[in-house]
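Welcome! Please take a moment to look over the sequence and the 3D model before reading on.

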Amino acid sequence: MLMTTPDHLSEPARVLLTYIREKDWVTYVEVERVLAPHIPVRGDYAIEHPTIDNLLFWCGVSAEVCAVVNELFEAQQIWRVPAEMLAYHIDGKVLSLPIPRRVQQRYAKPYWLPTCLRATEQISPADRKKYGRVMGPLA
């Protein structure tokens, strides 16, 4: 299947989307590595769930990284899917936050939900239904 990339995406977003499409199951550690030649990646920002308080997907990144990831979500080009912490260990970096047993509406303290990024076209209809509320392209 031939994938097209929306013309309106920034260059860093295009680079990241191409990587996600080629690699699949991309951790935020990989996101940092892929974007490092194009934008500053280290910073004091977190990639958080937009509606669930204190549910973090990644932290210690720049505002630019957050903007690129958000750009791809807003363009509905990527999804988050639950991942094993092992994927982050393999990539050499984990967060020192507790991992929730199940997703709730809010948390009193920060929790890390390990996820990987996948291109929208790689998500099955069953997974779209299963993960849509928490992980979908508008999350």
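Helices (H or I, at least four residues) and strands (E, at least two) are DSSP runs, numbered from the N terminus. Reading from the N terminus, their order is α-α-β-β-α-β-α-β-β-α.

A word on the source: this is a predicted model, where local features need pLDDT of at least 70 and side-chain atom pairs count only at pLDDT 80 or more, while totals for chains, interfaces and linings use all residues. Residues are numbered from 1 along each chain as its sequence is written, and side-chain values use heavy atoms, with hydrogens and water left out.

**Overall form**

Along the principal axes, the C-alpha atoms fill a box of roughly 40 × 35 × 25 Å. The radius of gyration, taken over C-alpha atoms, is compared with a globule rule of 2.2 Å times the number of residues to the power 0.38. For 139 residues a compact globule would come near 14 Å, and the protein agrees with its 14 Å. Contact means heavy atoms within 4.5 Å. Of the contacts with a separation of 6 or more, 66% join residues 24 or more positions apart.

**Inside and outside**

Buried means under 20% relative accessible area, exposed over 50%, and partly exposed in between (1.4 Å probe, protein chains only). Buried residues make up 46% of the 139 residues. Helix H2 (residues 28-35) is mostly covered, with seven of its eight residues buried; among them are Tyr28, Glu30 and Leu35.

| Residue | Relative accessibility | State |
|---|---|---|
| Cysteine 66 | 12% | buried |
| Cysteine 116 | 3% | buried |
| Histidine 8 | 61% | exposed |

**The cysteines**

How many disulfides does a search of the whole structure find? It finds zero, a disulfide being a pair of cysteine sulfur atoms within 2.5 Å.

**Histidine 8**

Histidine 8 sits in the segment before helix H1 (11-23). Leaving aside residues up to four places away in sequence, histidine 8 touches Arg14, Glu71 and Ala75. From histidine 8 to leucine 97 there are 89 residues in sequence and 36 Å in space, C-alpha to C-alpha.
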